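Subject: Structure handover

Dear colleague,

I am passing on the structure we discussed. Please look it over before reading my notes below.

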Protein chains: 2
Amino acid sequence: MSPITNSRTLFNEVPIGYPEPGRTTIHDTSMSIDLETEPLKGGFLVKTLVLSIDPYLRGKMREATKASYSAPFAKGEPITNFGIGVVLRSEHSGIKVGDHIYGVLPFQEYFVRSDASSFAVIANEEGLPWSVYIGMAGMPGQTAYVGWNEFSKAKKGETAFITTAAGPVGSFVVQLAKLDGLKVIASAGSDEKVEFVRSLGADVVFNYKKESTEEVLQREGGLDIYWDNVGGETLDLALKYANKRARFIECGMITTYNNPDGYGVKNLAEIFKKDMSMHGFINGNWFGKYREQFYQEVPKLVKEGKIQYQEDITRGLEHAGQGILDVQQGTNKGKKVILVADE
Amino acid sequence: MSPITNSRTLFNEVPIGYPEPGRTTIHDTSMSIDLETEPLKGGFLVKTLVLSIDPYLRGKMREATKASYSAPFAKGEPITNFGIGVVLRSEHSGIKVGDHIYGVLPFQEYFVRSDASSFAVIANEEGLPWSVYIGMAGMPGQTAYVGWNEFSKAKKGETAFITTAAGPVGSFVVQLAKLDGLKVIASAGSDEKVEFVRSLGADVVFNYKKESTEEVLQREGGLDIYWDNVGGETLDLALKYANKRARFIECGMITTYNNPDGYGVKNLAEIFKKDMSMHGFINGNWFGKYREQFYQEVPKLVKEGKIQYQEDITRGLEHAGQGILDVQQGTNKGKKVILVADE
């Protein structure tokens with residue numbers, strides 16, 4: 001077999017504000033690979049199937065000198081994120097041809113690794129689409145599951161406000177909250193997303209671009225739980241309409257990622273006035289505690305249709321840069337997935 | 001005995017910005033009382049000895065229509081706060097002449113009450129000055145004790161940053177943190193206050209008006225615990241220099257009380273980036289859990305000199321308005337006490 005193109009999405013430049021496809025990241029086709037003769041040196045060759053696009057990737061697009069919880073992307077190298085690949089060849093004792101591996105993959109069609117320790121082999125006994133394992137049964141689903149179970153202290157009859165409720169994290173949280181018997185107020189950024197969230201059972205769903213968040217919270221609050229994916233002004237309003245002993249779960253703040261000098265939060269005094277708590281978390285630091293329970297429960301719930309999800313799948317690595325921008329701007333319609341290749 | 005003047009400090013007007021003595025509150029001497037003949041109607045007559053001035057009083061100086069954790073002051077009525085009084089006459093079965101009662105008292109030299117349920121009779125077996133029971137052994141001490149024990153999760157060798165560290169809450173927290181074996185960074189607003197806090201054993205003490213908080217935190221942080229009495233810009237810096245899994249205890253935000261539309265906090269994304277928690281609390285909602293332990297432990301610690309304190313005592317109810325302003329501006333030198341009368 002002769003060499004074939006091995007496309008990659010390279011990190012090119014730290015963006016100011018929103019990332020720009022073709023500038024922040026570039027689609028590169030200069031590399032080629034011979035799948036039959038590529039040396040494995042005791043490792044394994046992987047064909048990338050699906051890659052996830054998540055909001056947090058924006059934080060990795062920074063100067064390498066700036067510290068943060070997640071390592072920065074290296075300029076000129078492929079960007080990386082959670083994905084699923086299938087093993088084409090292996091000289092590794094723990095990895096077989098045909099294994100489906102889950103972990104942080106490069107945005108690259110084919111790659112060789114020698115260390116298997118950061119990958120999990122997914123059995124997928126439920127026969128779910130592989131994309132589910134980077135969505136509801138992947139990092140976003142884990143994030144929802146861990147955050148809700150660890151920090152919500154949800155009690156039946158309470159009220160939760162969930163932002164970015166059509167996204168993979170938010171939509172899972174909405175469903176967890178309804179399973180726990182809460183009244184759910186949920187916000188999303190388009191009428192289509194609002195419809196989807198309503199179909200999940202949320203009690204009050206609104207398009208925050210059309211309806212005033214404050215008016216909705218004034219009418220439908222106070223809040224016992226706030227699931228924050230947005231930060232900024234919405235967080236300020238949630239503080240204002242929080243009940244005593246409210247729990248705020250700080251999962252993300254997408255309104256601040258592309259505008260770090262923007263909105264400053266002024267209602268923080270509510271935290272002591274109302275005996276409140278705020279918990280921030282990074283899923284990877286907590287998931288160990290829930291891993292077994294999560295994989296026993298969640299793929300089954302998805303298979304049985306008890307947890308619904310929505311995906312926005314784009315075929316082709318060349319669309320990764322646009323996918324990243326879509327997620328930052330919220331124009332995606334469900335969990336953003338780059339389908340790199342079929343099996 | 002003929003009637004004597006019964007002075008009061010009346011709430012007169014909701015302030016914009018800082019409270020103004022003589023305008024926000026007024027000293028009133030129009031009322032008189034005959035201590036021998038004032039009808040008790042089954043109640044008891046109290047002579048006010050000491051009254052506390054605390055930062056939170058600013059929050060009670062608001063329009064009656066605005067809800068908050070603590071009831072607003074009523075216009076034309078005496079302001080109220082924690083104090084100690086001695087009982088002069090009593091027709092109440094549970095209250096004896098000579099009892100010293102602790103509770104929320106009116107800023108008024110003499111008053112009659114029929115309901116004793118909101119007062120505690122203080123035995124004061126240690127023979128401490130009565131002012132201690134509105135300071136280290138009163139609400140401020142309780143606040144420090146409850147907040148530290150409930151939320152700090154302090155571990156030996158960790159670093160805590162404590163603001164308004166010369167005040168009655170902050171200075172107690174500094175000492176609790178040192179008893180737990182922590183490195184203590186502490187800030188105060190004058191060189192005299194800095195000296196006092198240093199004498200309590202704090203490792204790094206600085207005058208935030210002379211030295212840059214950011215430079216100190218950059219040099220001496222990261223922070224595992226932040227005790228917040230100030231909010232605003234200092235809170236933003238504490239977020240920036242927090243360690244992973246840092247605990248922020250939100251006790252007060254004096255920089256915001258007189259300027260609610262001021263500084264907006266921008267570094268809140270650190271909460272999830274660093275797996276942090278923030279806990280706000282109102283002492284009165286948590287103290288029940290610690291009451292017994294507190295009164296067994298704290299007066300003894302004070303008596304033995306193991307907990308140090310500093311008081312700024314002004315004699316005469318006519319100085320209450322100025323005392324309130326001093327505490328808002330931080331020009332007091334220790335726990336602010338109005339000494340209304342000797343025994």
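This is a predicted model: local features need pLDDT of at least 70, side-chain atom pairs count only at pLDDT 80 or more; totals for chains, interfaces and linings use all residues.

Cavities

Counting cavities of 30 Å³ or more gives two. The largest cavity holds about 70 Å³ of space. Its lining is made up of 13 residues, and those closest to its centre are Met136(B), Pro168(B), Tyr309(B), Gln310(B) and Lys335(B). By class, the lining of the largest cavity comprises six nonpolar, five polar and two charged residues.

From chain A, its lining takes Val265(A), Lys266(A), Leu268(A) and Ala269(A). From chain B come Gly232(B), Met253(B), Thr256(B), Tyr263(B) and Val265(B). Sorted by class, the lining of the second largest cavity has six nonpolar residues, two polar and one charged.

Asn258(B)

In chain B, the loop that runs between α7 (254–257) and α8 (270–273) contains Asn258(B). Is Asn258(B) buried or exposed? Its relative accessibility is 11%, and the cut-off for buried is under 20%, so Asn258(B) counts as buried. The side chain of Asn258(B) makes a polar contact of 2.8 Å with the side chain of Arg58(B).

Ala186(A)

In chain A, Ala186(A) sits in strand β11, which spans residues 183–188. Ala186(A) has a relative accessible area of 0% and is therefore buried. Which residues are in contact with Ala186(A), leaving aside its neighbours within four places in sequence? They are Phe161(A), Ile162(A), Ala165(A), Val174(A), Val197(A), Ala202(A), Val204(A), Val205(A) and Phe206(A). As for Gly170(A), 16 residues separate it from Ala186(A) in sequence, and the C-alpha to C-alpha distance between the two is 8.6 Å.

Regards

Notes. Residues are numbered from 1 along each chain as its sequence is written. Chains are lettered from A and ligands numbered from 1 in the order in which they are written. Side-chain values use heavy atoms; hydrogens and water are left out. On a 1 Å grid over the protein atoms alone, a cavity is a set of points where a 1.4 Å probe fits but cannot get out, and a pocket is an open set with protein on both sides within 12 Å along at least five of seven lines; lining residues have an atom within 4 Å of a point. Grid points are joined across faces, edges and corners, and a volume is the space filled by probe spheres set on the points. Ala, Val, Leu, Ile, Met, Phe, Trp, Tyr, Cys and Pro count as nonpolar, Asp, Glu, Lys and Arg as charged, and the others, Gly among them, as polar. Helices (H or I, at least four residues) and strands (E, at least two) are DSSP runs, numbered from the N terminus. Buried means under 20% relative accessible area, exposed over 50%, partly exposed in between (1.4 Å probe, protein chains only). A polar contact is a pair of N or O atoms within 3.5 Å; within protein, one must be able to donate a hydrogen and the other to accept it, and residues adjacent in sequence count only if both atoms are side-chain atoms. Contact means heavy atoms within 4.5 Å.
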